[in-house]
Structure formats: C-alpha cells, structure tokens
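Hi,

Here is the structure I promised to pass on. Have a look at it first, then read my notes below.

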Amino acid sequence: MSVIEVTDLRKSYGGRPVVDGVSFAVEEGEIFGVLGPNGAGKTTTVECVEGLRVPDAGRVRVAGLDPVADHERVTRVLGAQLQQSELQAKLTVREALELYAAFHTRPADWRPLAERLGLTGKLTTRFGKLSGGQKQRLFIALALIGDPRVVVLDELTTGLDPRARRDTWELIEEIRASGVTVLLVTHFMEEAQRLCDRIAVIDKGRVAALDTPAGLVRRSAGATVISFTPSAPLDARDLDALPALASIEHRDGRVTLSGTDETVNAVITLLARHHITAHQLRVTDATLDDAFLDLTREAAA
C-alpha cells in the first residue's frame, strides 16, 4: 500500500522550473531514497510532501491526505528532519524533547526514545555543546516524537565523520524495523545503496530513473569494472575492439575498463595472447556511483 503518492509534481521559482513533473510512490514500511546532485530539486520535492511548500501543479498525498489542505492531520502521521535544522544553543536535550512532545496530542514517550537513540546520558547537555552526530540523533528523536507512520530525513549525514555516519545508518535501519516508513533524501551513493529498498534518481527536476539499488546498477553501461597495470603496453586498437566495452581510462600506467563479464574474459584472453602480466588486477561490480553518472549523463544528453 502506498503511504506517499506524488504525481506530476511541478514547482518553479522566478519562472525557472525546479521540479518538473516528478512522480513516485512510497510503499508502507520501506526506505525510499531520493537521490540526486545538489540543486536537482529533491529537497523542494520533499518539502511539498511535508506541506512546507505549495506545488504549482500536480498531486501529493500522504496517507491519503493533502499536505497543504490537510496540513494539521498530516503532521500527526509524518515526522521530518529538515536539511538545515538548529535549536537554541542553551536548550538542553531534555528541554528539546519535552518541548516537541508538547506539540503533539499523543506523543511517543521521549524517555525510551532517548535511550534508543543514545541520548540518555546527554539529557542535561545544552544543544550548543553536542557533537554533530549527537545533534543528528536528537533531530531524529524530534522527528519521531509524534509517533509518525512516515519520517522524512533530508541530507541526514552531511558533515558527519565516517563513524557517526555509519552509526546513523544503523539507526535508520532500526527505525524501519519498528514499522516506520522512511523517505530518505541524500546525495551520498553509498548511503543510498546501503539503506534504500528503492531509489528515485532526480536530475534537473525530473525523475531520471526509479528502481532498486541493484536494478539501477544493472542499468549501468559498465556493470563490471576491471583494472590492472600491464607489464607491457597494450595496443589501443585491441582495447577498443573488446566486446561490450563501455569505457576505458588510462592513468599513471594503470588501465581501467568497464563493461560486462564478456569484456573481462576478453581482456584476460588478450593479455595471455600477448604474454602480458596484469599487475594488481582487480575485478569489481559497478556501484551506484557508476549508475548515477550514467543516468545523469543520459539526462544531460
């Protein structure tokens, strides 16, 4: 069952379309990613979902409700952590949790929520003294304190160090496991590939692709990557003639080719035929980064 439905959404600023016909649906209980470069229109899209912006055209529904016309009712089922969030520096964690709980008719008990998010030992700490990771945990708690069916997390891990980022990813997985649907806005490919059940890639205000992470990777022109340093030069014509070849890169004597398994087998045969050794040979599957670059390249063409 779809808990979020976005149909032909459009929004312009100063006559310039920022969101230009975006459509997608988010199913109950999934982590749905909205992925794209800076300025792609992804934050404007989710702000329309949250009821923070009024669309110029199109239809948005959250649990069957219009986020603008039924805004008060939508706030009872949707929690949000915004891209840029701040609290008063002297506010303690406890005060922030109590304040946000007071905004809701039937809030979740903030005490087990704080314990679950590792904030119990920080209840008397002022917001201005929290680390980046602790602030993000607090913002997640504030987004969940209304006991929502859906939570929107926008650029959640921007600015976090690798350890704090991975800890936050584990929290998101726990949130979904508790039955909450997650709409995750990000431009981190690794984050999207790790967390999301499905991803809408938005570029230039449009949906360039919508699929599972694995499905997007399979769309990549070069689903398999082979890289090595040859013991002797290879003829460029032989490389160009490789089957299913998507790209070739030469850097500091190292050759990187993308294509399919057929390409890899042909490379190995070519090296053996010319008695060339492949030093530091690596064969890897393409990543979401590769698929994203292919998709946005296609959109720009």
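**The largest pocket**

Strand S5 (78–81) gives the largest share of the lining of the largest pocket, 4 residues. Strands here are DSSP runs of E, at least two residues, and helices are runs of H or I, at least four, all numbered from the N terminus. Bear in mind that this is a predicted model, where local features need pLDDT of at least 70, side-chain atom pairs count only at pLDDT 80 or more, and totals for chains, interfaces and linings use all residues. Residues are numbered from 1 along each chain as its sequence is written, and side-chain values use heavy atoms, with hydrogens and water left out.

A pocket is an open set of points on a 1 Å grid over the protein atoms alone where a 1.4 Å probe fits, with protein on both sides within 12 Å along at least five of seven lines; lining residues have an atom within 4 Å of a point. In this one there are 21 lining residues, and Leu78, Gly79, Ala80, Tyr100 and Leu142 lie nearest the centre. Helix H2 (71–74) and H5 each supply at least two of the lining residues, as does S5.

**A buried threonine**

Thr45 sits in helix H1 (residues 42–50). Why does Thr45 count as buried? Because its relative accessibility is 0%, and buried means under 20% relative accessible area (1.4 Å probe, protein chains only). Leaving out residues up to four places away in sequence, Thr45 touches Leu9, Val19, Val22, Phe24 and Ile202, where contact means heavy atoms within 4.5 Å. With that same exclusion, Leu97 touches residues including Trp110, Leu138 and Ile145.

Cheers

Key. Buried < 20%, exposed > 50% of the residue type's maximum accessible area, 1.4 Å probe, protein only.
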